[in-house]
Amino acid sequence: MVLGSMAPRRRWLLLGLTALAAVALIAAGAVVITRLTGDNTPGGAPVAGSPTPSPVGTPTPSPSGPPPGADITGPLNLLLVGVDTRVSVPGWEPHSDAVLVLHVPKGLNRAYLFSLPRDLLVDIPAFPKAGYKGGKTKLTHAMSFGSRVPGKPKQPSTAQGYELLRSTVSGYTGLRIDAGAVLTFNGFDRLVDELGGVDIYVDQRVESLHRRPDGKYREPAPGGYKGPQQVYEKGERHLNGWQALDYARQRYITGGDYARQRHQQQLIRAMTRKILDEGLAKQPERVDKVVSALGDTLVYVGGRRIVDIAYALSGLPENRFTLVGLPGSGVGKGSAYRGEQLTAEGRTFLTELRAGRADAYLDAHPKLVVKN
């Protein structure tokens, strides 16, 4: 694998990973950089919901010219999405179960990763391409509504759904989205196994709704499922692919979807450490195996090539990557649940982030920083 003379290698690897994170894409990024560099859209253009690019060889920067991405100075905003496993069912419309935003301020010397609740009540704009007229509903539906292709009810488009999700997230956060990626949870499962599993601190006891202790799915039953449950006890744990996926998906636990968002972010951190400690980017044979494991479970959607973004973020210090948990609460009266809304503290973080005052705000609100 040839990526030129960029250094230090560990620093660009961290952000190469981060640039493609979608729940687990923070770990897959270094792998994908070596293969998915076929998007030659002119620099600076916003994401346009492009289809999956064709894998090609990694470019080598010219020794006499600037490296890829040298003109990228920030700020950069990357939208990272995990979609549910049922996209493999013919005609199934993808739902965004995990929505994360990576914000890198001007100067590219700091990064913040935060999640938005899947049930966040948002204004989804009209999207003529899918025949959607717009409305106020849960964020997870944006990708579903946007994926509909008129005249082809059984052939939803994940890339097109991403386009509407991107517009919705941009409108809510006030951030311009420069690039992004979508990873199915099936791809996540295979990715973790190819990495040999991950070590993570489980911060609360989590009972699985979906899996048995042997990894098989629990049997459906009236009102839910039946049979023995996989349990993740509090403490340091080593998780394989299906366990990591299962743990990151649970939201019917103490803390609900906000706990799930925290666990997804912690898992991202664990995968980053794993890939850095093992020096995956220096092992071409393992890179090939991980790329093969991802297959078509990854969709990169960007205005700039992945390699440009990776090079641009090469100088980010490892200790300046912050995970942020945004608090929220339910919306509705009694049993008439409509969705979620961020608290004033969470909404103000977005305001301060746009204004370049995130560090000061997090210093004053340290509970927003995800520690474990």
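Select F114. At 0% relative accessibility F114 counts as buried, where buried means under 20% relative accessible area, exposed over 50% and partly exposed in between (1.4 Å probe, protein chains only). This is a predicted model, so local features need pLDDT of at least 70 and side-chain atom pairs count only at pLDDT 80 or more, while totals for chains, interfaces and linings use all residues. Residues are numbered from 1 along each chain as its sequence is written, and side-chain values use heavy atoms, with hydrogens and water left out.

**Aromatic rings**

The structure holds three aromatic pairs. Rings of Phe, Tyr and Trp (its six-membered ring) pair if their centres lie within 6.5 Å; planes under 30 degrees apart count as stacked, over 60 as edge-to-face and the rest as tilted. F114 and F349 make an edge-to-face pair, 6.0 Å centre to centre with 80° between the planes. The pair links distant parts of the chain: F114 is in strand 3 and F349 in helix 10 (residues 344-354), 235 residues apart. Helices (H or I, at least four residues) and strands (E, at least two) are DSSP runs, numbered from the N terminus. F349 also counts as buried, at 0% relative accessibility.

Next, pick Y232 and Y247. Their ring centres are 5.7 Å apart and their planes at 65°, so this pair is edge-to-face. Y232 lies in strand 11 (residues 231-232) and Y247 in helix 6 (residues 241-249), so the pair ties together parts 15 residues apart in sequence. Both Y232 and Y247 are buried.

Now show R211 and Y217. The charged end of R211 sits over the ring of Y217, 4.2 Å from its centre. The criterion is NZ of Lys or CZ of Arg within 6 Å of the ring centre and within 35 degrees of the ring normal.

**The nonpolar core**

Go back to F114 and F349. Along with L79 and V169, they have the most contacts inside the largest nonpolar core, which has 35 residues. Such a core is a set of buried Ala, Val, Leu, Ile, Met, Phe, Trp, Tyr and Cys residues joined through side-chain atoms within 4.5 Å. Colour by element: those supplying at least two residues each include strand 1 (76-83), strand 4 (121-124), helix 3 (140-146) and helix 11 (358-364). Helix 4 gives the most to this core, with four residues.

**The loop at L108**

Select L108, in the loop between strand 2 and strand 3. Its phi is near 55°, a positive value in a residue other than glycine. Most residues other than glycine have a negative phi. L108 is buried, with a relative accessible area of 8%.

Which residues line the largest cavity? Select D97, A98, V99, S115, L116, R118, D257, R260, Q261 and Q264. On a 1 Å grid over the protein atoms alone, a cavity is a set of points where a 1.4 Å probe fits but cannot get out; a pocket is an open set with protein on both sides within 12 Å along at least five of seven lines, and lining residues have an atom within 4 Å of a point. The largest cavity holds about 40 Å³ of space. Helix 7 gives the most to its lining, with four residues.

Finish at the second largest pocket, with a volume of about 300 Å³. Of its 18 lining residues, Y258, R262, G325, K367 and V370 are the closest to the centre. Helix 7 again gives the most to the lining, here six residues.

Definitions and conventions:
Points joined across faces, edges and corners; volume = space filled by probe spheres on them.
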